Amino acid sequence: MTQTPQTTPTSTEGTGRATSGRVPTRRAVVNRAPWILVSPFLILFLLTFVLPIVVAIGQSFTTVTRAGLFGEEGVTSRFAWFENYRLVLADGNFVDSIWRMLLFGIVQVPVMIVAATLLALLLESASARWPGVFRATYFMPYGIPGVIATILWSFLYVPGLSPIIDVSEALFGYTPDFLGAGTVLWSIANIVTWTYTGYNMLIIVAQLKAIPSELYEAARVDGAGPWRTAVSIQLPLIRPALVLTTVFSIIGTLQLFAEPQLLQTVSPAIDSQYTPNLSAYTTAFAYNDYNLAAAQSVLIALVAFVLSFAFLKLTNRSSR
Amino acid sequence: MRQVTRRELLGMGLTGGAAAVLAGCTTPGTTSVNAQPVVPAAASGEKVTLTYWAWLKDLQKVADIWNAKHPDVQVEVSWIQGGNDGGYQKLYSALAAGGGPDLAQVEMRTIPEFMLVNGLVDLRRYGIDEHEARFDPTLWSQVSYAGGVYGVPQDSGPTGLYHRPDLYEQAGVPVPTTWTQWAEVAPAIRDVGAYIDAFPLDDTSVFAGHAMQAGATWLRATEDGWVIDMAGEATLDVARFFDAAIDDDLVTTSTNPFTPGWYAAAAHDKIASLVGASWGDALLQSVSGSEGKWRVAPAPRWDHGYGSSFIGGSTAAVLANSAHPREAMEFAVWMTTSREGIDAMIEHSGIGWSPARDYIGASREGPSEYFGGQRYNTEVFQPASKDQNPDWQWWPITQQTFNILGDGFRRKATGGTLVDAVVAAEQQTIDVFRQKGLTIRKAEGR
Amino acid sequence: MTAAVSARTATARPDAPRAAEPDPAHDAGRGRPATTILVTGVLVVVAIYFLVPVYWVVVAATKTTDDLFGTNGFWFGDTFALFDNIGAVLTYDGGIFVRWLGNSVLYAGVGAVLATYLAAAGGYALAKYAFRGRNLIFGLVLGGVLVPGTATALPLFLLFSQLGLANTYASVLVPSLVSPFGFFLCRIYADSTVDQSLIEAARIDGAGELRIFHTIGLRIMTPALVTVLLFQIVGIWNNYFLPLVMLSDQDLYPITLGLNNWNSQTDRLPEFYELTTGGVLLSVIPLAVAMIVLQRFWRGGLTEGAVKA
């Protein structure tokens, strides 16, 4: 459609150097082309990322008051300044849920990344048999949606259904409680680890495969064993992959929703505000307070943004 | 077309943003359908299709009976998740989006919450009054608020004591008729490896049921606003009672009634009894190998209050965006008060206690094979349904109060008490009311 | 850029010949059977961990609800009800399960293909043209990568409900069309692989700008596009929060929402255990197979992102 441009040149600066009439037209096309290419993405991006955030910010500064027993005598909306934010931050359960996710992240993310790194190194070591089979097996859970993974694991957690509990009782006479107040967070961590370790491992494996074989050669000549090779060659070179997986894991942690929401039905320990997202969802659709929920959403986005940005800045600086 | 400059782009973003902010300021649920003109009945011969969202199973089969007789008013049922497990979230979000079904299953306790977001049609505007005499009066009062009627009672759940006579016999104790006696016999039940009941820390509707039976009324709607008496003496007594029962390990808190863990425990003879609603009878039959083992006795009584309580209870409510409120109401009234409607709902959907004043359902009049030939419905639940706290009312943030209370109850596991949770929940409920601009005060004399 | 180039060579290098040639890393430990047994043993134990839940659901799907609670979960029950259960899953409520599966395929398929195309066009434009506003756009989108999708879902619902879009196919599809990460990856990749001289040559041949993008740009960017596509497919397929917030009509549900719908009925209606385990089995098997097959494609492009991030 841009083969025969009809438009007259609008930019005059190009015509001076032009040797023929085609060139300025060409230039106009070149000027226009990036906008044609980028605008579909940009419009949708504005619609689905920027506008919602603007709407959320607008909602989060609004408050609705009702008169009468049910608001039958009138409903008014007004600008509330930071009242909603004050209420959200004064809500101990919501603040707790953010701390809970930080605790979860501090424990689960390193455990998962370390496990993924170890598995990747083992699979890429000479000592592993059938690395392809194992790699595929470990990666498989990534394709299972969090909802389905949670349904699967919940069957393994629930007393009476769980064969794990049965086996443990039969062998050790010990009844594990996967769904109690102190344990359920780590039961969720297990589901997340189960789902994403193989995925992270694969990213690291890809990075390991990119290490030039001359480096291994040199290490072997120097008499380095597998351990030395891992520490002084492999680990430093897979650093970018580790950064990437960590950032995605941090963002993932703050998004935690499906796992606790589903486990709620079998674990009394999970309350309606167990994670920040669950809290926002409950506030919006169980309490119908869209304004408070908007304030919560804005805070969640802010925390995720700040955390990942800080992490990226930190690692960028030290890698330079 | 010329090149768009960055400034223009920014301008576009800001304009769009400003428009969105303006649009965003209309918070969903802030306009009332009941202030708008009455929707006229469909002209005769006009085809009407009503949508109905409910979590009762096989409700379509009930609707089909109606559909066969009313070719012009067809009812289509969609299943949603039960209440706060996801069904209400769906309904609220559909309402906020300006849609939703004509009819929906809404629990009694949730009617005021839907009213708060202007989600329900006042059925008095469509002539529900002429049907009032066909419904149980205590249920009728639970759908009547602020001079209107906001739902058609569909079922309720008077409570009784489901129990295993064999386990009681093994423990050598009688089936309790009072809560005091209940606490006395519970240790003997523990000695035979069972629990006398499960106390749900997170589903506080059961606790509310106990308080209701003891004569408490947590909130009342009065002319000049809401009056709260949640942490009144009756409720605190019940809280103290169960604090002690949990501390003494008389009840289990690790699993809630009718959850997988509970079914498994019941199947392994680890649950000796359960104070539950009449609709528990169908659920009990899911306990594997339990046929003939269970019986029903009247619920234990407090020193004061009433013989029974109720847990659960639903309505068929007409939602605000319905295009045919009158037809929807007529179907709901047929379903809940006609003999064929009630019998079909019992047969296909296993509903709770019938809301009709004079008919409990044909299949409930005879002896039950599962309960070893006991006529438990006429023997226990029918009298129970007549001996309930008539003053109890629900309030616009029932679920939030229950969640707050449940969050407090969960702290029981880490050293908190139910009593503290009740006191704190009352204060938080007051705070939430005030945030919403609703008037509320504590009951006199406290 | 050197890191990107070396990563690209890793992508280009096919896996098979590499496995055939003697791997220096693999030589180091050869001839120590004890280590091999130990390492393989560890890998087997880990594999069991990853397989147990899937094994359990295979066993559970063969059981009636009675057996599910009554018999050991790690072994088959007395009755073999697999085909009854699968039949029930496929026929329940007029075959709603098949519809959910179809919806998931629609959301993930259409969404991912379009999202990849849009990200490619945008990323290419930013990499290959100097124009005002380019840095602003890139910064904005980079911010989008860091904002969790679930944080925007709720406001998006409020916005869509004002526009009358909530509870439609579009309400799930439209947000799925935007992949800030894909955009980011495509820009990086186009930057380092699409040669400016190729573009100039095409211009001299008289090709239009969009034609150049479609014939040259897309072809060269293919490895990155495969990554973005797979990423987006999995992302949409696994998404739960967005459809949960947006959809109230069961007929529009993707498989995740549908199965959750069944699972949440189990506490009232235990016969749903059979449907849930059967449905989980049916939805896990194609995914598990797909992951095992696709993992070799996966490896390629991801490194790019890793190197640049």
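Q: What makes α9(B) and α16(B) count as meeting each other?
A: In this predicted model, B:T235, B:L236, B:A239, B:R240, B:F242 and B:D243 of α9(B) meet B:L418, B:V419 and B:V422 of α16(B). Two residues are in contact if their C-beta atoms, placed from the backbone, lie within 7 Å, so these residues are in contact by that rule. Both elements are helices, that is, DSSP runs of H or I with at least four residues, whereas strands are E runs of at least two, and numbering starts at the N terminus.

Q: How do you know what kind of residues make up the contact of α9(B) with α16(B)?
A: They divide into six nonpolar, one polar and two charged. Here Ala, Val, Leu, Ile, Met, Phe, Trp, Tyr, Cys and Pro count as nonpolar, Asp, Glu, Lys and Arg as charged, and the others, Gly among them, as polar.

Q: How are helix α9 and helix α16 of chain B placed, going by their axes?
A: Two packed helices are described by the angle between their axes and the distance between the axes. For α9 (233–247) and α16 (418–435) of chain B, the axes come within 8 Å and cross at roughly 145°. The axes are lines fitted to C-alpha atoms over the stretch in contact, with angles from 0 to 180 degrees between N-to-C directions.

Q: What makes residues of helix α14 of chain B buried?
A: The term applies if 20 or more other C-beta atoms, placed from the backbone, lie within 10 Å of a residue's own; 12 or fewer makes a residue exposed, and in between it is partly exposed. In α14 (376–385) of chain B, B:Y376, B:N377, B:V380, B:F381, B:A384 and B:S385 are buried.

Q: What covers the buried residues of α14(B)?
A: The cover includes two elements of chain B, β6 (152–163) and β10 (295–298).

Q: How do you know how far to trust chain B, going by its pLDDT?
A: Its mean pLDDT is 87, and 93% of the residues reach 70 or more; pLDDT is the predictor's confidence in each residue, from 0 to 100. Over residues 20–25 of chain B the value is below 50, and this stretch has 15 contacts in the model beyond near neighbours in sequence. Local features need pLDDT of at least 70 and side-chain atom pairs count only at 80 or more, while totals for chains, interfaces and linings use all residues. Residues are numbered from 1 along each chain as its sequence is written, and chains are lettered from A and ligands numbered from 1 in the order in which they are written.

Q: What makes up the two domains of chain B?
A: An automatic or database domain assignment sets the bounds, giving domain 1 (39–156 + 311–372) and domain 2 (158–310 + 389–442). Their centres, taken over C-alpha atoms, are separated by 27 Å. In the contact, 23 residues of domain 1 of chain B touch 25 residues of domain 2 of chain B. On the domain 1 side, α4(B) gives the most, with five residues.

Q: What are the domains of chain A, and how far apart do their centres lie?
A: Chain A has domain 1 (15–79) and domain 2 (91–319), with C-alpha centres 35 Å apart. Eight residues of domain 1 of chain A and seven residues of domain 2 of chain A form the contact. On the domain 1 side, α1(A) has the largest share, five residues.

Q: Which helix gives the most to the side of chain C that touches chain A?
A: The contact takes 91 residues from chain C and 97 residues from chain A. Helix α16 (272–308) of chain C gives the most to the chain C side, with 17 residues. By class, that side has 62 nonpolar, 24 polar and five charged residues.

Q: How many residues of chain B and chain C are in contact?
A: Here 28 residues of chain B are in contact with 23 residues of chain C. On the chain B side, α1(B) gives the most, with five residues.

Q: What is the secondary structure of chain C?
A: Chain C has 16 helices and zero strands, and 51% of its 309 residues are buried.
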